[in-house]
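Subject: Handing over the structure

Hello,

Here is the structure I promised to pass on to you. Have a look at it first, and then read on for my notes.

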Amino acid sequence: MNGIHDMGGMHGFGRVDREENEPVFHAAWEGRVLGISRACSAQHLFNIDESRHGIERMAPVDYLASSYYERWLDRTVRLLVEKGVITREELERRMAQLAGGVDPAPPHRDPKLLDRMLRATKERAHFRQPGPPPRFVTGDRVLTRSDAPVGHTRLPRYARGKHGAIDTVHGSFIFPDTNAHGQGEQPHALYSVRFDAADLWGASAEPCAPVHLDLWERYLEPAVTAPGRSPS
Amino acid sequence: MSDAHHEHGHHHREPESVLSLRVRALESLLVEKKLVASEAVDRIVGAYEQDIGPHNGAKVVARAWVDPAYKQRLLADGTEAIEELGFGGVDLKVVENRPGVHNMVVCTLCSCYPHALIGLPPVWYKSFEYRSRAVREPRVVLREFGVDLPESAEIRIWDSSAELRYLVLPERPAGTEGMSEAQLAEMVTRDAMIGVALVRSPAPAAR
């Protein structure tokens, strides 16, 4: 989708502000959001691609006005509601109960659940899955697709319809564009593709500043040989 | 979450008490449904606060600086090489800085980052400013970070658009020949492993 999250190359944002001695979390609730979200992933309540697309679907105005962990909270609630795990009414009711000093499910020890969750969080996510052999080899010139899909994609706008060269063949990986929409993992070849800055930014490009993106084969077509050049 | 407000402005925040309450309510519901154990959340938070941080990645860099064979393995297959040092859970590609080539990592679409090696990303890495500008004007951004590279140097930007994570192997600074692996690891900063800083030669007084 052409979402607000797709920020590469946008103008209008200023200097990068840095904070000296930045804490890991700026408030306790940020850590809880991270932990809850990780726990939901470990319980397979949503996958990584659904979770990214959950943030991308925030209203652009809200996205820009929210902090990073506010976006995570919005995403986690959105996905749990969509999947029927909780309802918004239930959440509002629980907030009112907690505000009134009542917690119907206070934090408690649940050794069996804890054990299962800790094992799940240690499991390595396997994004590499067997798929068809790659069509391109290192050095091949490619052209990225220039469509505007309504769903999730990892081909950013700034790199659509652009020429690049295959830098590395990474192997076969789960395809986010389908995995975010319950359409299966559809693993296939992933490549590191190198783009010259001038091919992305034209006359305003900085010298010697190529950009590398990890792109799936379905984002790519072979580049047509330039006119006047005879195929070797 | 923010249905009720439509104020513009990057620095706007919902009042913290409402956010905190919403998070507690969410956790309470998931605990009640036996989907989440609060202690598991405690441990995840604790791991990021105490165990997982740039000191992990610094060990990998220092080992590569003192052991050329390890460096070869690290550049050829980062995923396998970090497992030798007890780190894992990530498909890793290590990119090497050398004279005339500087590498810099960003995630323009979200904020992908090699957590297992350098912890959670700082706010600036997740900021709209860094995400929008790092790919288009890396030299200007690097100068803001105090890194001024010659025009002839190539700056390779790695936009983490898939499930591979990128770690920059900085150049070992001059004047560190006699230092131990542990001393070297202490010099390696998070920012150097993202590629927005260089590892500086030790000050003469510190030698």
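Let me start with a question: does Lys71(B) count as buried, partly exposed or exposed? Lys71(B) counts as partly exposed, because its relative accessibility is 26%; here buried means under 20% relative accessible area, exposed over 50%, and partly exposed in between (1.4 Å probe, protein chains only).

Before the rest, a word on conventions. This is a predicted model, in which local features need pLDDT of at least 70 and side-chain atom pairs count only at pLDDT 80 or more, while totals for chains, interfaces and linings use all residues. Residues are numbered from 1 along each chain as its sequence is written, chains are lettered from A and ligands numbered from 1 in the order in which they are written, and side-chain values use heavy atoms, with hydrogens and water left out.

Back to that lysine. Lys71(B) forms a salt bridge with Glu96(B), with the closest N and O atoms 2.6 Å apart; a salt bridge is a side-chain nitrogen of Lys or Arg within 4 Å of a carboxyl oxygen of Asp or Glu. The pair links distant parts of the chain, as Glu96(B) is in strand E1 of chain B and Lys71(B) in helix H4 (residues 68-76) of chain B, 25 residues apart. Helices (H or I, at least four residues) and strands (E, at least two) are DSSP runs, numbered from the N terminus. Glu96(B) is partly exposed too, with a relative accessible area of 22%.

Why is strand E4 (residues 164-169) of chain B largely enclosed by the rest of the structure? Because six of its six residues are buried. Leu164(B), Tyr166(B) and Val168(B) point one way from E4(B), whereas Arg165(B), Leu167(B) and Leu169(B) point the other way.

Chain B as a whole has 11 helices and four strands. Of its 207 residues, 61% count as buried, and its C-alpha trace spans about 55 × 40 × 35 Å along its principal axes. Another salt bridge in chain B joins the side chains of Glu144(B) and Arg133(B) (2.7 Å, N to O). Here Glu144(B) is in helix H9 (residues 138-144) and Arg133(B) in helix H8 (residues 128-133) of chain B. Glu144(B) counts as buried at 15% relative accessibility, and Arg133(B) counts as buried at 4%.

Now to where the chains meet. The contact (heavy atoms within 4.5 Å) takes 93 residues from chain B and 97 residues from chain A. Together the chains bury about 8,600 Å², 60% of it on carbon and sulfur atoms; buried area is the accessible area (1.4 Å probe) that two parts lose on being put together, summed over both. On the chain B side, Leu109(B), Phe128(B) and Arg136(B) lose the most area to chain A, together 9% of what that side buries.

Eight salt bridges cross this interface, and Arg128(A) and Asp91(B) meet in a salt bridge at 3.4 Å, N to O. A network of salt bridges links Asp49(A), Arg52(A), Glu163(B) and Arg165(B). Strands take part as well: three bridges join strand E4 (residues 211-216) of chain A to strand E3 (residues 154-159) of chain B, which run parallel. There, His212(A) stands opposite Trp158(B).

Finally, a stop in chain A. Pro156(A) lies in the loop between E1 and strand E2 (163-173) of chain A and is buried, with a relative accessible area of 0%. Beyond residues up to four places away in sequence, Pro156(A) touches Asp6(A), Leu213(A), Thr108(B), Leu109(B) and Asp159(B). Asp6(A) also meets Arg157(A) in a salt bridge between side chains (3.5 Å, N to O), and those two residues are 151 residues apart. Asp6(A) is buried, with a relative accessible area of 3%, whereas Arg157(A) is partly exposed at 37%.

Enjoy exploring!

Best wishes

Definitions and conventions. Two strands pair if DSSP finds at least two bridges between them.
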